[in-house]
Each structure stands twice: as C-alpha cells, then as structure tokens.
Amino acid sequence: RFTWSVNVLNLLIRSYYTANYSKMDMTFYFSSNLTLLFQSWNISSAGQLVGALVGIFIVVLFYEGLKMTREVLLGVTLKKNGRLSAPNSTTPLLTIQQAYKRPSPHLSHTSSNSGPRFAIVLIHLLQFGLRIVEVGLAYLLMLAVMTFNGWLFLTVVLGAAVGYFISNLVRCGCLPLLG
C-alpha cells in the first residue's frame, strides 16, 4: 500500500515537471526567443534581444564598478587607520589581515578620537551595503547566464572584461573618474 502511494506520487511529480519545466534548454543556443529571469520578461524579437543585451552589459559594467569601489573604500579605510601609505596602491590579503589584527596608534579608547572611529564605521557600513548589492547583482547575472542563451553569455563575459579593463584604468589613474 505504501509502495503504491509512493509510485503514484513519483508519477504525479514527473508528469508535472515534464508538462511545466521540460522547455528549458540545458545547452547553449543562439536565439532571440527566451524568458529572462522572470516569467513576464519574454523576449521574442531581435530588437528586444538587443535591448536586453545592452541592459545586461550595463549591469555587468556597474557590477565591476562596484567591485572597484569597494577596493578603493578598503584602501581609504586602511589609510585612515594609518596602515596604508598610498590610497590607490594595491593591498595584498596579508596586509589587510594584519591591518585588522594589530591596534592602530590613531585609534585609542578615548573619546577624543571618536571622529576617526566614526568615519571608519561609516565606511564599513557603506562597504557592507555595496557588498549586498554586489552579491545580488552577481546572482542575477549568474541566473541570466543559466538561461543558456549564447548571446547573454557572451554579453556577460564581454561586459566583465570591459568593466575590468575600465576599472583598472581608473584604479591606476589613467582614466580619472574618481578625481
């Protein structure tokens, strides 16, 4: 009796899955007909696909910019702590770990130094908020790639490469967006 009910349940689950979810491709395809992230975002023409690709490209550029902004904020935080000499220098992980382990001479437990401490807390809160947005965007981009549309995949890869290139130009001072 128990085996019969389990078999019926498995049959119902398989038939529901086959009827509702078997339309998803699991290999890359190049088409202008797809559903992007939400059931209501149906793309059915080349013009809609180009608009979606431009939007995804801009989101990937924004994502790469967020990553660079968080790195710059970390450099500012370490500089305020007196642990980094140049604001745009790259900091290896060991330096970051050491910066948070040893106490700073600039930050004592007296109330006269509450200004620098407050600024560092604000920068950390800003980094926290940016990290939430960054992770959310990363997962949305991952889900967009998981539609297995080749055009979306190529757009995300190209956007990440261009965003990384622009971020490094800004970081080295060759493209002065940060003033």
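Analyst: Keep in mind that this is a predicted model. At 45% relative accessibility, Phe-28 counts as partly exposed.

User: Why is Phe-28 called partly exposed?

Analyst: Buried needs under 20% and exposed needs over 50%. Phe-28 has 45%, so the label is partly exposed.

User: How many aromatic pairs does a search of the whole structure find?

Analyst: The search finds four aromatic pairs. One of them joins Phe-28 and Phe-148.

User: What makes the pair of Phe-28 and Phe-148 edge-to-face?

Analyst: The ring centres are 5.7 Å apart, and pairing requires them within 6.5 Å. The planes stand at 70°, and over 60 counts as edge-to-face. Therefore the pair gets that name.

User: Which parts does this pair tie together?

Analyst: Phe-28 lies in the loop between α1 (2–21) and β1 (34–35). Phe-148 lies in the loop between α4 (114–145) and α5 (150–172). These parts are 120 residues apart in sequence. Phe-148 is partly exposed, at 21% relative accessibility.

User: Why is the pair of Phe-28 and Phe-153 called tilted?

Analyst: The centres are 5.0 Å apart and the planes are at 50°. Stacked needs under 30 degrees and edge-to-face over 60, so 50° is tilted.

User: Where does Phe-153 sit?

Analyst: Phe-153 is in helix α5, 125 residues apart from Phe-28. Its relative accessible area is 31%, so Phe-153 is partly exposed. Phe-28, Phe-148 and Phe-153 form one aromatic cluster.

Key. Residues numbered from 1 in each chain as written. Predicted model: local features only at pLDDT ≥ 70, side-chain atom pairs only at ≥ 80, totals over all residues. Heavy atoms only, no water. Phe/Tyr/Trp six-rings, centres within 6.5 Å; stacked < 30°, edge-to-face > 60°. Helix = DSSP H or I, 4+ residues; strand = E, 2+ residues; numbered from the N terminus. Buried < 20%, exposed > 50% of the residue type's maximum accessible area, 1.4 Å probe, protein only.
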